[in-house]
Amino acid sequence: MEDEKKITSISDKIGLEKSDELSTGFPVSIPNKESHMNKIHSKAVHCWYGDFHVLRDINMEIKHNTVTALIGPSGCGKSTYLRIFNRMNDLIEGFRLEGEVTIDGKDVFAKDIRINELRKKVGMVFQKPNPFPKSIFENVAYGLRVNGVTHKKFIEETVERSLKQAALWEEVKDKLSKNALSLSGGQQQRLCIARAIAIEPSIVLMDEPSSALDPISSAKIEELIWELKAKYTILIVTHNMQQAARVSDKTAFFYLGELVEYDDTKTIFTNPKKEKTQNYITGRFG
Amino acid sequence: MSNERKKHLQNNAFKIWAIFSTSVGIIMLAILLIKIGMDGLHRISFSFFTDLPSRRPENAGILTAWVGTLWIMVTTAFFAIPIGIGAGIYLEEYVKRGRWASILEINIANLAGVPSIIYGLLGLELFVRTLHLGQSILAGSLTLALLILPIVIVSTREAIKTVPNTLREASYALGASKWQTIWFQVLPAASGGIMTGIILALSRAIGETAPLIVVGALMYVPFTPKSVFDSFTVLPIQIYNWVTRPQAGFLINAAAGIIVLMMITFIMNGTAVYLRNRWQKNVRW
């Protein structure tokens, strides 16, 4: 109950709108829960980098508060697909998308979308940890500051809460003013996670978050993902199939830009319907 | 001669030539410093710094010269720094790569190589005459600001180039706008390189003589400036003035003035190197 109250106050502070009991941020009415509401929807999505057709006809529906793993060999469009949802692909020249992508019924590529607002709701953790060359405190506070929060006490509380959620608080609580680059790789990545969840997004995109980390840090991140599931919707791209099997509810297998199979994780890994999927997870290629 | 022996001799000859080439520069500098030191070191005193120029060499000091230099430096920095950094940010962060961008880049690099006297002529026509600023500190500073602008722009661009894209991505992913990303992440990360560039640009400006003479810096200024609209003189011009006088006493003064000018230059360049080293150590991506 305490946490519920805190979430409300953060949403108010950074001007998010609440709909239903999930703070998805997009102002929507809720006629029918079974409709496009509370879902991330991709319909007939094609993507190009210049002439290169990187994603072909992707149709996928993701429910809130789930962990979805995107697996597949390198270069098959998984990261590209991930980066659609917070429009990070816009930063790449020559990127083009056709099709429909909606979050809770609102088109992500609508003309009147404010990209800053979208990125507040859809956070991202990158493959190589990229903390800012500032103090640990300022790293986590940055997201709040650029979104207009100035109340000192509030920022301090949010930083502490985010670091606790990212299971990093105990290790850094005495050195919040130290430079973030002095942390180990695993700690830096958890810091990046704390930084991303400080602004209370509803969706967190993770692009191979533990591929650059040692096994112990990797395991800590996985634990973290499992705990974050209760509050956030998580999409995770991973090369590590065992990790996908451990951590996700549903898995999507991408091959050469196509969505080959998308199903419950248990099904994909024990009883896949397509032969290509079977071949990939048993290591016959990729 | 056997092949082995020939190779050995060539190796040694090359090494000796390389050492000789390096030594030439160092030896020349050493000779200059020693000669200047012998001539002028004894003339340096508190009164040298606080005396106005005079017809008698023993009483002539560099007060108006170094105060004028200070006024010029501060005013030049006031114009050159914001404009140079702004242009550097614009060219690096906003302009799309392409033919137009390359043309701009080549032109700015070329501007850095234009002879300084041409900047003097430009300043004379534009600032002194057309804008009626007269032969003032303002006209001189604007002229020098134009001169060092390419240096500031290029250093800013180089410093910004070293900021990795992953930093910008992380900032955008948190909902920051382009300007917020530049102001809060890119510029602070590039600040060391930018500062180094500014110091080097200013240390170039401090020694400029020709453009300031053209713009109208006076040779004999028996007063210190009180505003940017006043006439002025600077250290290099004062030195030049003394060198042209017949009395031997003035040559000693000139040597002392050169020592002061070189000290300032060494300190500025040394600071730039120190800052650059500190910045490179602090910033580990």
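Visitor: How many helices and strands does chain A have?
Guide: Please keep in mind that this is a predicted model. Chain A contains 286 residues, and buried ones make up 55% of them. As for its elements, the count for chain A is 11 helices and 10 strands.

Visitor: What share of the contacts in chain A between residues at least 6 apart in sequence joins residues at least 24 apart?
Guide: Contact here means heavy atoms within 4.5 Å. Of the contacts in chain A between residues at least 6 apart in sequence, the share that joins residues at least 24 apart is 66%.

Visitor: How much area do chain B and chain A bury between them?
Guide: The size of an interface is often given as the accessible area lost when the parts come together. In this model, 18 residues of chain B are in contact with 23 residues of chain A. Carbon and sulfur atoms carry 58% of the area buried between the two chains, and that area is about 1,900 Å².

Visitor: Which residues form the salt bridge across the interface of chain B and chain A?
Guide: The rule finds 1 salt bridge across this interface.

Visitor: Which element gives the most to the side of chain B that touches chain A?
Guide: Two elements of chain B give two or more residues to that side: helix H7 (165-173) and helix H8 (178-206). With 7 residues, the one that gives the most is H7(B).

Visitor: Is B:Gln238 buried or exposed?
Guide: B:Gln238 lies in helix H10 of chain B, residues 235-243. Leaving aside residues up to four places away in sequence, B:Gln238 touches several others, including B:Pro53, B:Gly61 and B:Met219. Its relative accessibility is 1%, and buried means under 20%, so B:Gln238 counts as buried.

Visitor: With which side chain does the side chain of A:Gln243 make a polar contact?
Guide: A:Gln243 is found in helix H9 of chain A, residues 241-247, and has a relative accessible area of 4%, so A:Gln243 is buried. Not counting residues up to four places away in sequence, A:Gln243 touches A:Ser210, A:Ser218, A:Glu222, A:Ile236 and A:Thr238. The polar contact, at 2.7 Å, is with the side chain of A:Ser210.

Technical notes: Residues are numbered from 1 along each chain as its sequence is written. Chains are lettered from A and ligands numbered from 1 in the order in which they are written. This is a predicted model: local features need pLDDT of at least 70, side-chain atom pairs count only at pLDDT 80 or more; totals for chains, interfaces and linings use all residues. Side-chain values use heavy atoms; hydrogens and water are left out. Helices (H or I, at least four residues) and strands (E, at least two) are DSSP runs, numbered from the N terminus. Buried means under 20% relative accessible area, exposed over 50%, partly exposed in between (1.4 Å probe, protein chains only). Buried area is the accessible area (1.4 Å probe) that two parts lose on being put together, summed over both. A salt bridge is a side-chain nitrogen of Lys or Arg within 4 Å of a carboxyl oxygen of Asp or Glu. A polar contact is a pair of N or O atoms within 3.5 Å; within protein, one must be able to donate a hydrogen and the other to accept it, and residues adjacent in sequence count only if both atoms are side-chain atoms.
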